[in-house]
Amino acid sequence: MKFTIIYDNRTYQEGWETGWGFSCLADNGKETVLFDTGDNPHKIVNNFIKSGKDIKKIAAITFSHKHWDHVDGLKGILNINKTARIYIPSSFPKKITSLVKENGNEIIYTGEKVKKIEDGIFITPAFDKFFTPAEQGLILETEIGLALITGCAHPGILNMVKKTNELFNRKVMMISGGFHLSAKTAGKVRRIIRKLKEEGVRYFSPSHCTGKKAIDNFKRECSENYIETGSGKSLNLDKLK
Ligand SMILES: [Fe+2]
Ligand SMILES: [Fe+2]
C-alpha cells in the first residue's frame, strides 16, 4: 500500500504546486483512490501530471469534509475523469452533488458504517455524528496496522485515532494529514502526542492545517518516527516496521 500527497500547503518535491488545501492519492497496487482535491482545479491537475499518475484511471474519489480547501479542486479532476465513483456524506452541499451528477460519475453515500472503497482502502463514518462539519477519515490497511489520513481533523486527531481503533478493532500505526493544532499551546500539543503514542500510533506525518509550531513539536517529540511531508511526498507503507 502506497500513498502520495498530491497537494498540500508546503512542498516536499521542488516544483510542485502548493496552496491552502490537502489531497492524497492511495494506491493499493491495483487501483488508486483520491482523498480530497485541494483548493484549486488547475494546481491539482498540474501536480497529478508531475506525479506520473493517470487522472483518468482514478477508481474512486472521497473526501474528509466539505470545506473549500478540500473540495474546490474537484472540478479539475472531473473534467478529465468521468468514471470514478464518488463517495460523499449525504450532508455534502448541492453544488458538489450537482457537479458530480452533471459529469456522469456515480455517487455513493457514506453512512454510519465503515465503507470499503477498494482492497485495503476504507472510508470511516463521520466522527461524532452531530459534529459540524461532518468529517471522515481515509484508512489504509497494512500488515503492521492501519494508516489514518485526515483532512483537517476538526473532530480532534486523538478522538479520530481512538474511534478508528474501536471501529476496526485494529490499531492505527500511522497518521498523516491536517491535525488542526495551530490554536493549541505547545504543552497541549505535547500531551496530545503522548496520548497518540499511548493509543499505539508510531509514525507521524503532520501537514496542512496542523500549524508550524505544532509540526515542529511533532518533529522533536517523534524524532526518527516523524515523516516529513508536503506536495509530492510518496510513501510505501509496507516498508514501515
Ligand atoms: Fe476544514
Ligand atoms: Fe483544511
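Predicted model: local features only at pLDDT ≥ 70, side-chain atom pairs only at ≥ 80, totals over all residues.
Modeller: The buried residues of helix α1 pack against β1 (2–7), β2 (23–27) and α3 (74–78).

Biologist: Which residues of α1 are buried?

Modeller: In α1, which covers residues 41–51, they are K43, I44, V45, N47 and F48. As background, residues three or four places apart in an α-helix point the same way, because there are 3.6 residues a turn. Directly beyond α1 comes G52, with a positive phi of about 80°.

Biologist: Why is D36 called buried?

Modeller: The cut-off for a buried residue is 20 or more other C-beta atoms within 10 Å. D36 has 32 such neighbours and therefore counts as buried. D36 lies in the loop between β3 and α1.

Biologist: What makes the phi of D36 worth noting?

Modeller: The phi of D36 is near 75°, which is positive, and D36 is a residue other than glycine. H180 likewise is not a glycine and has a positive phi, near 55°. H180 sits in the loop between β11 and α6 (186–198).

Biologist: Where is C222, and with which residues is C222 in contact?

Modeller: C222 belongs to helix α7 (residues 212–222). Setting aside neighbours within four places in sequence, C222 is in contact with I193 and F204.

Biologist: Why are β2 and β3 said to pair?

Modeller: Pairing requires at least two bridges between the strands. β2 and β3 have 4 bridges, in the antiparallel sense, and one bridge links D27 to T32 in β3. The two strands form a hairpin with 4 residues between them, and G29 in the turn has a positive phi of about 95°.

Biologist: How do you know that β3 also pairs with β4?

Modeller: The same test applies: at least two bridges are needed, and 4 bridges join β3 to β4 (residues 58–62), which run parallel. F35, for example, has T62 in β4 as its bridge partner. The chain passes from β3 through α1 to β4 in a right-handed β-α-β crossover.

Biologist: Which way do the residues of β3 point?

Modeller: In β3 (residues 32–35), T32 and L34 point one way and V33 and F35 the other, and all are buried.

Biologist: What makes β7 and β12 edge strands?

Modeller: Six strands form an open sheet in the order β7-β8-β9-β10-β11-β12, with mixed pairing. β7 (115–118) and β12 (203–207) each have a single partner strand, so one side of each is without a neighbour in the sheet. The average twist from one strand to the next is 25°. The partner strand β8 (residues 121–123) runs antiparallel to β7 and is joined to β7 by 3 bridges.

Biologist: Which strands of this sheet does helix α5 lie across?

Modeller: Helix α5 (residues 157–168) lies across β9 (138–142), β10 (145–150) and β11 (172–178), at about 140° to β10.

Biologist: Which residues have the most contacts inside the largest nonpolar core?

Modeller: That core has 65 residues, and those with the most contacts inside it are C24, A26, L140, L148, I157, V161 and I175. Beyond its neighbours within four places in sequence, V161 is in contact with L148, V172, I175, L196, E199 and V201. Nonpolar side chains tend to be buried together in soluble globular proteins.

Biologist: How do you know that the radius of gyration agrees with a compact globule?

Modeller: For 241 residues, a compact globule would have a radius of gyration near 18 Å; the protein has 16 Å, which agrees. Buried residues make up 47% of the protein.

Notes:
Residues numbered from 1 in each chain as written. Chains lettered and ligands numbered in written order. Core = buried A, V, L, I, M, F, W, Y, C linked by C-beta atoms within 7 Å. Buried ≥ 20, exposed ≤ 12 C-beta atoms within 10 Å, placed from the backbone. Contact = placed C-beta atoms within 7 Å. Axes fitted to C-alpha atoms, helices over the stretch in contact; angles between N-to-C directions. Right-handed = clockwise from strand over helix to strand, strands pointing away. Rg over C-alpha atoms; globule rule 2.2 N^0.38 Å.
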